[in-house]
Amino acid sequence: MRLLRSSLSADDARRKIHDLVHALFRNIPSGVGSIRKDLRLAPKELSKVLEQGAKWTLEHGYGSEGDAEHMEAQGCIPGADPGCVSSRALERGKAQLGTLGSGNHFVEVGYVEEVFDQKAASAMSLYKDQMTVLVHTGSRGLGHQVCDDYIKVMLEASRKHGIELPDPQLCCAPVDSKEGERYLAAMACAANFAFVNRQMITHWVRETFEQVLQLGPRDLGLNLVYDVCHNMAKMETHEVQGKKKRLCVHRKGATRAFPPGHPEIPLDYQNVGQPVLIPGDMGRCSYVLVGTDQGYEETFGSACHGAGRLMSRHQAIKAGKGRAIARELEDQGIIVKGASRATLVEEIPDAYKDVNDVVNVVHGAGISKKVVRLKPIGVIKG
C-alpha cells in the first residue's frame, strides 16, 4: 500500500475526474492475468528486480528523488535469493510489473477530507482538501506462486520437524531450518517485486496526471508519503519480558506501525511516527495514522491493514445482483472503473466493515493514532 500527496486540490481533480479515471485504467493494466506487453523482463533482469527492489526502478528511470527514502526498508527486503523462487513463479511474474491485478487491488484518487493531528499531517505535508492517490497492489502471480510452492514445502517440513497442526493451512517450519530460510529468501523476493510493481504503477500514475492535466511534475507535486508492506514475516528486534530479542514478526492481515524515534522510519517522520495506511472501500474512505509507543509494546509495532470483509466474494455477488454499482457510486460523486462488472460487484462497499469503526477501535486502543481521513473521488479496480 502506498500514498501519494499532490499540490492539487480536490476541485482540481473533480474537474477532470472522468478523464483521469479512464486514462489511469488505460495506462495501468488491471484484472486477472493482466500483463504489460511493452515490458517483459529477461531472466537475468528479473533476478535483479527480486534482489534489488526499488533500487532497480530508480536506476531505470521509474522514480523520482526521495521515493526510496519513504518506503518501508527503503524498498528492499534483505536476504532475497532468486534461486529460492520456482521457474513457474518467475514465468508468472516476468510480464506483470506495472500491473494492478485483481481482487481488492486499486488505484484511488481522493482528497484529505479531515485532519485529526495537525503536527503529524504537517510532517507528511498533508492538508485539508488536498488531492491524494492511494495505490494498493502487491507481488501479483509471482507472489501467489511463491505461496503455493512453499505451502507444499511447509506441509512436509511440519511432519519432518514433528509439528502438530490444528489446521493444514497453518503449516510451518522453524525459522532457522533449511525450509524456513529458503521461504524467507523467496518471500523477500516477492516483497521486492511488489515494491517495484507499486513504484512502476506510481510512474504510470504520474505520467497519466501529466497527460490529462497538462501539468509538469513540479506543478503536480505527486510525491510519495509512504509505502508499507502487509502480509509479511520480518526479522526484528523487540523487547520481551524486559529483554531485547530477535523475533520473526509475522503480520498476516496487518501492517507495520513503528513509533516516533524508531531508526527504521524516515527522518522527516521521526518526531511523529511511521505513517500507517488503512484503506476502507471504494464508497467510503481511508485513513492515515501513525505508529505509537504503546502499539510498539503491545503489538510488536503492528496495526490492521484494512477494514476487512463482512461478506465473502460469493455473498457479495448475491447481494449485488441486479444493482448498477458504478451508477450508485457515481451518484455519490465517485467515478469507478473496473476490469469487469463482476469485480465491482465483488468489491461493493457493503461487503466491507465500515473503516471508520475499525480505525476508531485502533485509535482508541492506542495501537496507532489518527492523522487524516481520505475521501475517494475516482477509483480503478482490478
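Predicted model: local features only at pLDDT ≥ 70, side-chain atom pairs only at ≥ 80, totals over all residues.
1. Leaving aside neighbours within four places in sequence, R40 is in contact (heavy atoms within 4.5 Å) with I35, K94 and A95. R40 lies in the loop between α2 (17-27) and α3; helices here are DSSP runs of H or I with at least four residues, strands are runs of E with at least two, and both are numbered from the N terminus. R40 and G110 are 70 residues apart in sequence and 32 Å apart in space, C-alpha to C-alpha.

2. Residues are numbered from 1 along each chain as its sequence is written, and side-chain values use heavy atoms, with hydrogens and water left out.

3. Helix α2 has I17, L20, V21, A23, L24 and N27 buried, where buried means under 20% relative accessible area, exposed means over 50% and partly exposed lies in between (1.4 Å probe, protein chains only). The cover over the buried residues of α2 includes α1 (10-15), β2, α8, β10 (335-338) and β11.

4. Helix α3 (residues 43-52) packs with α8 at an angle of about 95 degrees, and the two axes are 7 Å apart. The axes are lines fitted to C-alpha atoms, for helices over the stretch in contact, and angles run from 0 to 180 degrees between N-to-C directions. α3 and α8 are therefore roughly perpendicular to each other; that class covers 65 to 115 degrees, with under 35 counted as roughly parallel, over 145 as roughly antiparallel and the rest as oblique. At this contact, L46, V49, L50 and E51 of α3 meet A188, C189, N192, F193 and V196 of α8.

5. Which residues touch the most other members of the largest nonpolar core? They are I28, V107, V133, V205 and F209, in a core of 62 residues. Such a core is a set of buried Ala, Val, Leu, Ile, Met, Phe, Trp, Tyr and Cys residues joined through side-chain atoms within 4.5 Å. Its largest share, 17 residues, comes from helix α8 (residues 178-213). F209, with neighbours within four places in sequence set aside, is in contact with L20, L24, V109, M131, V133, Q214, L220 and L222. Apart from this core lies another, of 32 residues, among them L126, Y226, V290 and V336.

6. Strand β1 (residues 2-9) is mostly covered, with 6 of its 8 residues buried. β1 pairs with two strands treated here, pairing being assigned if DSSP finds at least two bridges between strands. With strand β4 (residues 223-227), the pairing is antiparallel over 4 bridges, and R2 has D227 as its bridge partner. With strand β3 (residues 130-136), β1 runs antiparallel and is joined by 5 bridges; R2 stands opposite V135 there.

7. Strand β2 (residues 106-115) is likewise mostly covered: 7 of its 10 residues are buried. β2 runs antiparallel to β3, joined by 6 bridges, and the bridge partner of E108 in β3 is L134. A further 9 bridges join β2 to strand β11 (residues 368-381), again in the antiparallel sense; within this pair Y111 stands opposite K375.

8. An open sheet of 3 strands has the order β5-β6-β9, with antiparallel pairing. Its edge strands are β5 (230-240) and β9 (302-304), each pairing on one side only. Neighbouring strands of this sheet are turned by 20 degrees against each other on average, direction ignored. β5 is joined to the antiparallel strand β6 (residues 243-256) by 10 bridges, and H238 has K245 of β6 as its bridge partner.

9. How many disulfides does a search of the whole structure find? The count is 0, a disulfide being a pair of cysteine sulfur atoms within 2.5 Å. The sulfur of C84 is 7.1 Å from the closest cysteine sulfur, in C189, which is too far for a bond. C304 is also in no disulfide, as the nearest cysteine sulfur, that of C285, is 13 Å away. C84 counts as buried because its relative accessibility is 7%, whereas C304, at 21%, counts as partly exposed.
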